[in-house]
Amino acid sequence: MHRLMNRVSPVCVACFGWLVVTATVAIAQDAPRILDARGKETQRLEVGSSFGGYRNTLIFYTFNQQKAVLRVLIDNKDTKFPVSAVLYVFADDVTEDGLKKWLNNQHSDGLFPEVPEPVGTHKIPSMSCKATSHKLVDHTKQPFGEYDNYTVSIQLADLKPIAKFQIKDFTDKATVHIKTN
């Protein structure tokens, strides 16, 4: 019996080890990939004006390695500053240049006719997006009217996994222009 145990034990240990490695790989593949809007690799672009003057404020967080872009919109109709967000997911073969061109077309004049299209568009639940505070900075006169200019603090929190991603909770600040006349 003792000889049989010596032969079976290494086989059982090897099988058990194989099961542990296989399960670990499966869990890692199913685990959502983290998107950190405040991370060093994340590119941030804030847009608050267009050819027609000030507009609602857009903040784009580009995650090149993960092939995703988070767009946060802060409405500029009044000082409630409603916040909404959408996560755009692209195919794995999309290049950084392709993401830049797509991003430009989202807020500019659509210079680039051939840009990658998202393979997934995921609206972030409104209860996870909010303005937490605002501060009047100044008042300006522009060619298309007068504006109160605010610094607005926003928060995205309590986000559930979306597709294959988990967006880390974060706060940020942006400039928002509200037309006064």
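Two helices and ten strands make up the secondary structure of the protein, where helices (H or I, at least four residues) and strands (E, at least two) are DSSP runs numbered from the N terminus. Read from the N terminus, the order of elements is α-β-β-β-β-β-α-β-β-β-β-β. The model is predicted, so to speak of local features pLDDT of at least 70 is needed, side-chain atom pairs count only at pLDDT 80 or more, and totals for chains, interfaces and linings use all residues. Residues are numbered from 1 along each chain as its sequence is written, and side-chain values use heavy atoms, with hydrogens and water left out.

Of the 181 residues, 39% are buried, meaning under 20% relative accessible area with a 1.4 Å probe and protein chains only. Contacts (heavy atoms within 4.5 Å) between residues at least 6 apart in sequence join residues at least 24 apart in 53% of cases.

Thr-62 belongs to strand E3 (residues 53-63) and, at 4% relative accessibility, counts as buried. Leaving aside residues up to four places away in sequence, Thr-62 touches Glu-41, Thr-42, Gln-43, Ala-68, Val-69, Leu-99 and Leu-103.

Key:
Buried means under 20% relative accessible area, exposed over 50%, partly exposed in between (1.4 Å probe, protein chains only).
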